[in-house]
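Reader: I would like a careful reading of a single part of this model, with the cut-offs behind each term stated once.

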Amino acid sequence: MPNIGPMEIIIILAIALIVIGPKKLPDAGRSLGRGLREFKDSVSGGGDRDHDAELPRVARSEAPVAQQHS
């Protein structure tokens, strides 16, 4: 069985970039990662964490400002 080297990975990424497009490639990678994580969790029986429930992120403008005491 042949090993996948760096040149093969570059070729696969170039083909993916051409087929999927540069705007949707990050979303496709994210979806693939979630799918692999869910598959691994279901196979190993690890359902301890809920990956879909993410904590809301606070924007920089909404971040709490340190109060100055005079």
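Reader: What does the accessible surface of the protein chain come to, and what percentage of it belongs to carbon and sulfur atoms? With that as background, please look closely at helix H1.

Author: The accessible surface of the protein chain comes to about 7,100 Å², and 61% of it belongs to carbon and sulfur atoms, with areas taken from the Shrake-Rupley method using a 1.4 Å probe, where for residues only the protein chains shown count as cover. This is a predicted model, in which local features need pLDDT of at least 70 and side-chain atom pairs count only at pLDDT 80 or more, while totals for chains, interfaces and linings use all residues. Residues are numbered from 1 along each chain as its sequence is written, and side-chain values use heavy atoms, with hydrogens and water left out.

The protein chain holds two helices and zero strands, these being DSSP runs numbered from the N terminus (H or I over at least four residues for helices, E over at least two for strands). Of its 70 residues, 4% are buried, where buried means under 20% relative accessible area, exposed means over 50%, and partly exposed lies in between (1.4 Å probe, protein chains only).

Just after H1, Gly21 takes a positive phi of about 100°. Leu13 and Leu25 are twelve residues apart in sequence and 9.7 Å apart in space, C-alpha to C-alpha. Helix H2 spans residues 25-44, and there Arg30 forms a salt bridge with Asp27, the closest N and O atoms being 2.8 Å apart, where a salt bridge is a side-chain nitrogen of Lys or Arg within 4 Å of a carboxyl oxygen of Asp or Glu. Arg30 and Asp27 are three residues apart in helix H2, so about one helical turn separates them.

Definitions and conventions: The expected span of a helix is 1.5 Å times one less than its number of residues.
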